[in-house]
Amino acid sequence: MPKFLVHKLIRDKFADLDHWQGTCVLSQDDFTHELKRKLIEEAEEVMQAETSEGLLEELADVQDIIDVLIKHMDFTKEDVSKAQAKKFEKRGGFERRIFAEVINLKDDHRLVEHCRSQPHKYKEI
């Protein structure tokens, strides 16, 4: 019988199935960490969705994780909406669908250190 290491947060009804081993209830901090990891996992599945139906299902999974994380952190949806509005006011949205390939910065620009600290996201050329 094949066995696989999964090390992942699973849905409650899946936990009742008898094929899981080594399950435990997480601490508050560990749960927060695993919710964040699960959000990344689900976001990757959004990228892999090839149909509208598949995309909708994966977006639902992402929204589930976001909703649980909001509740777990004692935020409200209103808190999130206010944060969205604040960011929109400051930086705008994505309506114009603009995609950038390169950013040119002066040596003393505040974003230089930000970009250099994340070479996996921002390759210096």
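Leaving aside its neighbours within four places in sequence, which residues is Leu-9 in contact with? Leu-9 touches Leu-26, Phe-31, Glu-34, Leu-35 and Lys-38, where contact means heavy atoms within 4.5 Å. We'll come back to this residue below.

A few ground rules first. What you see is a predicted model, in which local features need pLDDT of at least 70 and side-chain atom pairs count only at pLDDT 80 or more, while totals for chains, interfaces and linings use all residues. Residues are numbered from 1 along each chain as its sequence is written, and side-chain values use heavy atoms, with hydrogens and water left out.

**The overall picture**

The protein chain has 5 helices and 0 strands, so called from DSSP runs numbered from the N terminus (H or I, at least four residues, for helices; E, at least two, for strands). Along the sequence, that reads as α-α-α-α-α. The radius of gyration is 19 Å, well over the 14 Å that the globule rule gives for 125 residues, so the chain is more spread out than a compact globule. That radius is taken over C-alpha atoms, and the globule rule is 2.2 Å times the number of residues to the power 0.38. Along its principal axes, the C-alpha trace spans about 60 × 35 × 35 Å.

Buried residues make up 13% of the 125 residues. Here buried means under 20% relative accessible area, exposed means over 50%, and partly exposed is in between (1.4 Å probe, protein chains only). The chain exposes about 12,000 Å², and carbon and sulfur atoms supply 55% of that; these areas come from the Shrake-Rupley method with a 1.4 Å probe, and for residues only the protein chains shown count as cover. Among contacts with a separation of 6 or more, 41% come from residues 24 or more positions apart.

The mean for the chain is 94, and 100% of its residues reach 70 or more. Confidence is lowest in helix 1, at a mean of 87, and highest in helix 3, at 98.

Helix 3 covers residues 52–72, and its 21 residues should span 30 Å at 1.5 Å a residue; the end C-alpha atoms are 30 Å apart, which agrees. That expected span is 1.5 Å times one less than the number of residues. The buried residues of this helix are Glu-58, Asp-61, Val-62, Ile-65, Leu-69, Ile-70 and His-72, and they pack against helix 2 and helix 4. An α-helix has 3.6 residues a turn, so residues three or four places apart point the same way. Just after helix 3, Asp-74 takes a positive phi of about 60 degrees.

Glu-42 is buried, with a relative accessible area of 6%. Leaving aside neighbours within four places in sequence, Glu-42 is in contact with Glu-58, Asp-61, Val-62 and Ile-65.

**Before helix 1**

Back to Leu-9, which sits in the segment before helix 1. Leu-9 is buried, at 18% relative accessible area. Leu-9 and Thr-23 are 14 residues apart in sequence, and their C-alpha atoms are 9.6 Å apart in space.

Pro-2 is also found in the segment before helix 1.

**Another positive phi, and the cysteines**

Arg-97 is not a glycine either, yet has a positive phi of about 60 degrees. Look for Arg-97 in the loop between helix 4 (77–91) and helix 5 (110–116).

As for cysteines, the count comes to 0 disulfides, a disulfide being a pair of cysteine sulfur atoms within 2.5 Å. Cys-115 is buried, with a relative accessible area of 15%.

| Residue | Relative accessibility | Class |
|---|---|---|
| Pro-2 | 66% | exposed |
| His-7 | 59% | exposed |
| Cys-24 | 61% | exposed |
| Arg-97 | 75% | exposed |

Methods
pLDDT = per-residue confidence, 0-100.
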